[in-house]
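Please read it alongside the sequence and the model.

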Amino acid sequence: MLVNAYGAHAGNQPLQPLRITRRAPGAHDVQIDIAFCGICHSDLHQVRSEWEGTQYPCVPGHEIVGRVTAVGAHVATFKPGDLVGIGCIVDSCKHCADCDEGLENYCDGMIGTYNFPTADAPGWTQGGYSQAIVVHERYVLRIRHPEAQLAAVAPLLCAGITTYSPLRHWQAGPGKKVGVVGIGGLGHMGIKLAHAMGAHVVAFTTSPSKREAALQLGADEVVVSRNPEEMAAHLKSFDFILNTVAAPHDLDAFMVLLKRDGAMTLVGAPATPHDAPNVFNLIMKRRTLAGSMIGGIPQTQEMLDFCAEHGIVADIELIQAGEINEAYERMLRGEVKYRFVIDNASLGSTGASTPVS
C-alpha cells in the first residue's frame, strides 16, 4: 500500500512530500488511518542526524492517533472504526524479562516507530508523518477521550507517557513535593499530570514571563531558576524533581533542592551531554540522579485512561503538512505552546513525489 508522507532525504535537507509503502495487515496486525501526529523534539534530532544512525529517507513521528480501518484474522481486541494510538514502540522481542513485565521500552530488541530495522520496505521503520500505518496489535493503544480532543491527545503518546512514567515510578501523589524543570512540550504535561496525581507541584523556569502560564497548568508555585533567592528558599525540600530540559544545564542547582533520599529524573535528551554533577551532592543526602525512557505498553494505556478520566490533553497548535519545516524552526526558538500537531488530512494535498522503496 502506497501512502503519502513527509520526510527528509538527508540531514541537511528540509522535509518534503514523498510516498512510502505500508505492508498488508498480517494475522495480528492493525491498519490505522492516521488523523493526527504530534511533533516531538526527538523528531528533529533524528531527522537532522543530530543523533547518530539516521537512515534516509527518514519519515519521523511517534505521537500517532487515528482510526482502525482493517484488522488481521487473529485480532480480537480492535475492530474497524476504533479510535487508537501508536506511540514510540511498534515491536519488541516479546519474550525477554522486560517484555514479560510490560516494559517493552527497555527491551534490547525494541523497534521504534521510525528509523529502526524492519522487514518492511525500505528496511527501517517509517513514522507517523504519513497517511496510514500497520502495527502488531500488542503495540496499539485504545483512545477513550472524546473524538473532538483527538488532535490534543496525540502528544500524550510520547510527551504524556515520558512524564507519567517517572511520576508513577517515584510515587508522586498526595503529601509529595514535586518539582518540574522546564515548561515546554514535556514540562507542561509533567505539571498537569503531577497536579492530577495530587502532588504539591513547583514549576521551574528561566523566564519570569511563564509564571502565570505555569499556574494555569496546575503548578502550586513557580520558581525562576535564575533567581538565587527563589532557589535557596527550596533547599532540601523536594521528594522528586522531573527534569524535562533538553539542553545541557547545571544539574547541581537542582540536586541540592532534594531532601534526603530524594530523586531527580532526567527525561530531556540533549544533543550534547550534561556536565557530571558533584558526587558529594549525591553522597551526603543519599540522593538519586536517574533517567527514564517513555513507558511500556500497559503503562501507556494506563496513562491514556488516567488522562481521559481527568480530562487531560496537551496544549497544541495544529498545523498543515506544508508547515512542518517552519514548525521545526519555531520549536527550536521555543515559539510554541506547547506542542505542534500535524493534521494528517493535509498530506493528501502535498504533491507527493515518486515512491520510496
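Asp 261 lies in strand β14, which spans residues 258-266; strands (E, at least two residues) and helices (H or I, at least four residues) are DSSP runs numbered from the N terminus. The model is predicted, so local features need pLDDT of at least 70 and side-chain atom pairs count only at pLDDT 80 or more, whereas totals for chains, interfaces and linings use all residues. Residues are numbered from 1 along each chain as its sequence is written, and side-chain values use heavy atoms, with hydrogens and water left out.

**Backbone geometry**

- Most residues other than glycine have a negative phi, and most peptide bonds are trans.
- Asp 261 has a positive phi, near 70 degrees, although this residue is not a glycine.
- Asp 261 is partly exposed at 36% relative accessibility, where buried means under 20% relative accessible area, exposed over 50% and partly exposed in between (1.4 Å probe, protein chains only).
- Ile 294, also not a glycine, has a positive phi of about 35 degrees; this residue is in the loop between β15 and α10 (297-310) and is buried, with a relative accessible area of 9%.
- The peptide bond from Tyr 56 to Pro 57 is cis, with omega near 5 degrees, and Pro 57 belongs to the loop between α1 (41-47) and β4 (64-71).
- Lys 337 and Tyr 338 are likewise joined by a cis peptide bond, with omega about -5 degrees; Tyr 338 is in the loop between α11 (324-332) and β17 (339-343).

**Overall fold**

- The protein contains eleven helices and 17 strands.
- Its radius of gyration is 20 Å, close to the 21 Å that the globule rule gives for 357 residues, so the protein is as compact as a globular protein of that length; the radius is taken over C-alpha atoms, and the rule is 2.2 Å times the number of residues to the power 0.38.
- Along the principal axes, the C-alpha atoms fill a box of roughly 60 × 40 × 35 Å.
- Of the 357 residues, 55% count as buried.
- Among contacts (heavy atoms within 4.5 Å) with a separation of 6 or more, 68% involve residues 24 or more positions apart.

**Cysteines**

- The count of disulfides is zero, a disulfide being a pair of cysteine sulfur atoms within 2.5 Å.
- Cys 37 is buried at 0% relative accessible area, and its sulfur is 9.7 Å from the closest cysteine sulfur, in Cys 40, which is too far for a bond.
- Cys 40 is buried at 8% relative accessibility; the cysteine sulfur closest to its own is in Cys 158, 3.9 Å away and too far for a bond.

**Selected elements and residues**

- Helix α5 (residues 187-196) has eight of its ten residues buried, so this helix is largely enclosed by the rest of the structure.
- The buried residues of α5 include His 188, Met 189 and Lys 192, and the helix is followed by Gly 198, whose phi is positive, near 100 degrees.
- Thr 288 is in strand β15 (residues 288-291) and is partly exposed, with a relative accessible area of 34%.
- Leaving aside residues up to four places away in sequence, Thr 288 touches Met 255, Leu 258, Gly 262, Ala 263 and Met 264.
- Arg 23, in the loop between β2 (16-21) and β3 (29-38), is partly exposed at 30% relative accessible area.
- Beyond four places in sequence, the residues that Arg 23 touches include Asp 29, Asp 120 and His 136.
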